[in-house]
Amino acid sequence: MFDVDEVPLVRGRAKSRERRADGDRERDCSASPPNYPDTTVDTTAQLAKIREYMAQYGYDAYIVPSEDAHGSEYIAAPDARRPYISGFSGSAGLAVITSTLSAVWTDGRYFIQAEREMICEWMLMKSGEVGVPSSAEWLISDSIDATMGADLPEGAMIGYDPRLMSISTVQSYLSSLEESGRNLTMVANAAANLVDLTWNNLGTQPGYPDMPLLVLAMEYSGKSWESKITDIRAEMARAEVTKLIVPKLDEVAWLFNMRGEDIPYNPMFIAYAVVGLNDVMLYAYDKAGRIDAVDAIRTHLNIDSCGTDICATVKDYDLFATELPTLANGDNEKIWFSDISNYFIYTSIPEDKAYIKASPILLIKSQKNPVEVAGMKEAHRLDSISLCELGGWLQETMDGLDDPAVGDKSVLSELIVEEKAVEFRSVHPTNKGLSFGTISSFGANGAVIHYTSSNETNVPITNQGIFLLDSGGQYLQGTCDITRSFHFGEPTDFMKEAYTRVLMGHTDLVLATFRTGVYGRALDTHARQPLWEGGLDYRHGTGHGIGHFLNVHEGPANIGLGYNARNQPIDIDMFFSDEPGYYEDGEFGLRIEDIMFAKETATKHKFNDYTYMTFEMISLVPLEPTLIDFNLMTTKQIEWYNTYNEQINTVIKPELAPRGKKWVEMKTKYVDPQTGAAAPLVTSFIFVIMTSFVAMFLH
């Protein structure tokens with residue numbers, strides 16, 4: 001599952017690239033009245049009510065971001081403000097409402113989804129497309145064309161909640177708006193958030209979950225939370241600061257070796273932390289029920305032994321906002337917080353007491369310790385077993401259909417496969433659910449990059465198109481993310497070319513050699529070059545970092561085009577996805593995604609004493625040979641393909657039930673690197689026997 005990194009789509013076959021009209025799936029705002037698909041969410045009442053509040057509070061416009069107060073990508077139900085007000089449910093986007101206009105900005109992963117979900121009162125602003133203004137540009141523009149500008153009067157008041165927007169984002173808006181004579185104005189307090197007021201006027205805004213918290217044992221974390229505090233304090237001493245504010249939920253969870261269930265798919269709990277040179281404070285939601293009343297948590301945090309050990313003082317979550325300004329009260333206080341912290345934190349700390357820099361936890365967390373590295377490998381072994389069992393079930397179910405060309409939605413559909421993706425993972429005792437919502441998409445639905453199947457969009461899976469499955473499990477040992485594209489019939493030549501070019505890029509990236517100090521943007525072209533050579537591309541990043549039983553997307557390094565000042569170079573023991581793809585609007589989508597980690601590699605020379613690295617793949621699930629044109633691939637790429645299949649047969653196949661073993665054998669036949677020809681049955685049989693002997697020896 002890819003992170004945000006939009007790039008222009010190269011259109012190699014202009015005529016066939018035109019989006020098809022599909023009134024059943026996307027809104028038609030040219031009709032009178034507009035035509036809507038069943039997936040559209042009517043937000044007429046929300047727009048009317050929030051405009052009443054805008055008038056009451058004196059706002060000419062109001063900004064609604066996607067994030068919560070912790071800058072989370074995935075959010076709990078009460079923080080889903082932008083989806084509530086706009087109807088658009090994608091994980092990335094921003095809404096702006098004026099007295100007469102409403103618009104949502106999102107990136108290329110969500111264009112089609114937004115068209116399917118929003119009523120026509122909402123304009124879809126396609127971020128990154130030529131001629132589309134940013135939200136700030138739109139707010140300051142005097143254009144009478146609604147798609148180009150809000151046409152707000154000079155002196156207009158633009159409201160926002162400072163808890164929900166980062167320091168850098170607000171400062172960017174301030175720079176643009178103040179030059180234009182418009183004013184960015186924060187709501188008075190949390191109780192004055194206009195979406196919350198609207199939500200509770202028209203219904204009831206949900207609350208946070210109250211599920212128990214989990215202590216992550218040393219056998220999984222590899223390091224005590226007290227040792228982590230010591231490491232962080234060393235970084236603080238080097239920076240000459242006295243306190244570190246930790247607002248990011250994954251950083252809080254990692255720091256304290258604790259996990260929760262407050263955020264869908266991400267094992268976080270709602271909390272802030274403040275690390276001092278001599279104390280540690282944890283501001284936790286439901287402190288009384290989930291910490292004070294639980295002996296195991298109290299013992300873990302040394303709450304009752306502060307005199308002798310590093311301990312945590314736990315306070316109510318709501319006290320953070322009250323006590324935040326007092327953190328800088330001492331004469332010599334220097335407070336460290338990141339520029340991606342929310343703007344409320346920034347306004348609460350005097351400028352001369354603030355030290356604004358990326359959190360030291362961010363980089364330390366991304367470089368896994370030896371126990372975490374071993375855990376990630378084990379998690380992906382378990383997840384690969386599950387995916388291979390699912391692959392065997394898929395093939396058997398397809399083969400059992402009365403008419404595979406038509407399919408049977410009651411037997412094999414997108415939603416049924418979603419359920420199976422959970423079922424096959426749940427057999428592992430350390431499984432803790434999914435790491436994100438499964439993308440189970442067949443045919444044209446696969447072209448919707450972040451597609452979510454529903455009762456309205458669910459279709460049967462047949463042998464007439466590509467089925468894309470992007471899923472991942474959470475395990476105590478680590479977080480997983482994998483995508484496979486299947487075809488159960490005869491693909492078109494273009495499907496095979498597109499898939500093969502994606503596979504070639506996928507292979508070239510994992511085989512890359514690079515040195516310390518190299519950023520992911522320097523490696524991205526390894527994955528895109530085979531696509532570019534065919535005039536193809538994709539609108540997302542090539543690789544995102546991934547957490548250890550944490551977020552499925554993790555910084556500060558990634559692999560994608562473009563410059564980001566917050567990115568860091570790739571280093572040893574960082575884990576990344578490798579996921580090029582291709583999407584043909586209205587027809588199909590395909591992607592190959594595996595998880596790999598950076599490790600040191602031997603080189604003949606060692607210029608300037610650099611450490612040289614390559615990647616090791618830890619996802620072990622067969623690719624789709626039906627979609628591969630081996631004649632396009634180089635000898636080196638085919639050799640890697642064969643080696644990868646050997647690993648699957650050695651590590652995964654012995655753990656499978658007969659159905660899964662049969663599927664693996666069918667999908668991992670040896671291919672002659674010189675001719676690109678699949679081996680005849682006898683050769684493949686020998687290949688399987690040899691890998692079986694290797695497996696027996698290793699066991």
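Helices (H or I, at least four residues) and strands (E, at least two) are taken here as DSSP runs, numbered from the N terminus. The model is predicted, so local features need pLDDT of at least 70 and side-chain atom pairs count only at pLDDT 80 or more, while totals for chains, interfaces and linings use all residues. Residues are numbered from 1 along each chain as its sequence is written, and side-chain values use heavy atoms, with hydrogens and water left out.

**Thr457**
- Thr457 lies in the loop between β16 (439-442) and β17 (466-471).
- Because its relative accessibility is 6%, Thr457 counts as buried, a term that means under 20% relative accessible area with a 1.4 Å probe and protein chains only.
- The side chains of Thr457 and Tyr451 form a polar contact at 2.8 Å, that is, a pair of N or O atoms within 3.5 Å, of which, within protein, one must be able to donate a hydrogen and the other to accept it, and residues adjacent in sequence count only if both atoms are side-chain atoms.
- Beyond its neighbours within four places in sequence, Thr457 has contacts (heavy atoms within 4.5 Å) with residues including Arg25, Arg116 and Glu414.

**Residues 375-597**
- Over residues 375-597 the chain is 31% helix and 23% strand, with its end C-alpha atoms 13 Å apart.

Definitions and conventions. Buried < 20%, exposed > 50% of the residue type's maximum accessible area, 1.4 Å probe, protein only.
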